[in-house]
Every structure is written in C-alpha cells, then in structure tokens.
Amino acid sequence: MTVPAPRTAPPRSGRPPGPTLAASVLPADFSRLGDELRALEAAGVERVQWDVMDGRFVPNLTLGPDIVAAARPVVDMQFEAHLMVADPDPMLPRWVEAGCERVIVHAETCTHLHRTVARIAELGALPGVALNPATPLSAVEHVLDRLDLLLVMTVDPGFGGQSYLASMEPKIRAAAAMIADAGLDTDLEVDGGIDVTTAGAAARAGATVLVAGTALFRGQGSIGTRAIALRAAARQVAGERRPA
Ligand code: DX5
C-alpha cells in the first residue's frame, strides 16, 4: 500500500480574526457522513476533530483510522485525531496515513510524553497534547515548545453533550500566559460544552481554537447558521478584548 505523504496545515498568519472552529463529529449522522463534512466545509468550519475512544481510557468506543481515511478525499478541511486511548503510541502512523495534519494525545496516557510528541513530528504531523480537567498544566511545561497545540478539556472526556466546566477558565488563562511568556504561538484549544453561551468566555480566557459538537450538529437552523452564531459569540468577545 502506498502511504500518502503527510498533509501540512496552513500557516497561522493567514487566519481570520477570532478563534478557529473545529467540529467534533461525534454527534454527526454517520449514515451520511460525507454530506455532513461537506456542510461543515461550506460553513467555513476550519477543522474536523475525530474523537477516538477505546473504551479503556474513556468509557466509550468510537472510530478507527479507516473511517478517517474514507472521509479524507471528501473535504479539504484540516483533520485532527483526538486520541482518547490508553496506549496511543503503536497506532500513531495510522492517523497520519489516514490524512490527519494534527495528532493529539492525552498527557495522562503517555509514560514518555516527550518521545511521543517527537514521534508525531517525525511522522510529519503537528503534535498536540490534551489535559483532562484534573490534570495540571505542569504536565506539559517541559514539552510546550514542541507542541503545535495544547488542548484544555472543558469536560471529562468520553461523551458529547456534556456541560461546559467554567471552572477550567483559570487554567485556560494560565495556559495562555504560559504560552505567551514562552514567546510561542502554540494553539490553545478547548473542547467540551462549547456553544453560543460558553464560546465567549472560553475566547476571553485565551482559547484560539474552539471544538464544538452538539452546538454545530444539533438545534435550530442549519450547520451553516449554527457556525455563524458560534463564531459571532466567540469573535464578539475576542474583538472587544483587543482595543487598538
Ligand atoms: C468529548 C469529546 C468532545 C465532544 C464535544 O470527550 O472530546 O469533542 O465530542 O462535544 P460537545 O461539543 O457536544 O460537548
């Protein structure tokens, strides 16, 4: 089998103002996944987050790399694999081969986090590290400069449709300060319970990427109108915070 060359993500410099949107496809209608992805792309959502769960690290089981590979030719959006699995290392190449520009591992699952992050980069993908709500920022302090993305979970991982943990905002603020103090432009992603009532607070705390599942796939209107509402909620607050 010919392994496709790793895909590269577009540079940060070309981004529109305000947080980037990533869709968690967990609540999508998988019987017509292609249509759902095309609707996300048409709505201008920049990224797809594939929630990979193994029934061990989290009490849920979701999808494998073959589904991601099947979806890859359908849209040109950036793909990130969020690995909520007990032992991510053995399968790292499969997610890159499937077409993910980013691979996110949980700090709680990596005995040798520095080595795992280096391996993801070696495979040609952008490394990200996720922290469960109870895990302190110090877990990534010594690998921060090697990360493209730091993910602060705003729910306990395992399910969509949970309530946003506002108690994570001090941690998001501290993460943003840690990134700024180190002179880095690492993305600061939040995931879980993000909707029009919480996107603003997360953006105000410093999040640069917002992951949303239920808020994009459920509720009034279409994926397009929901994405516009979500982006407006985040941008408005983000815009206000940056006076000239
Ligand atoms: C939870 C996942 C999230 C979740 C987001 O473990 O990592 O991506 O699917 O879904 P909502 O936006 O519905 O909380």
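Which backbone atom lies 2.8 Å from an oxygen atom of the ligand? In this predicted model, where local features need pLDDT of at least 70, side-chain atom pairs count only at pLDDT 80 or more, and totals for chains, interfaces and linings use all residues, it is a backbone N or O atom of Gly158 that lies at this distance. Residues are numbered from 1 along each chain as its sequence is written, and side-chain values use heavy atoms, with hydrogens and water left out.

A backbone N or O atom of Gly193 likewise lies 2.8 Å from a ligand oxygen atom, while a polar side-chain atom of Ser24 is placed 2.9 Å from an oxygen atom of the ligand. Taken alone, the ligand exposes 380 Å², of which the protein buries 99% (accessible areas by the Shrake-Rupley method with a 1.4 Å probe).

Around the ligand there are 19 residues, of which Gly158, Asp191, Gly193, Gly213 and Thr214 come nearest (a residue counts as near if one of its heavy atoms lies within 4 Å). By class, this shell comprises 7 nonpolar, 10 polar and 2 charged residues, where Gly is counted as polar and Asp, Glu, Lys and Arg as charged, with Ala, Val, Leu, Ile, Met, Phe, Trp, Tyr, Cys and Pro as nonpolar.

The ligand sits in the second largest pocket, in the sense that more than half of its atoms lie within 2 Å of the grid points. A pocket is an open set of points on a 1 Å grid, where a 1.4 Å probe fits, with protein on both sides within 12 Å along at least five of seven lines, and lining residues have an atom within 4 Å of a point. The lining of the second largest pocket has 13 nonpolar, 12 polar and 3 charged residues.

Note on methods: A polar contact is a pair of N or O atoms within 3.5 Å; within protein, one must be able to donate a hydrogen and the other to accept it, and residues adjacent in sequence count only if both atoms are side-chain atoms.
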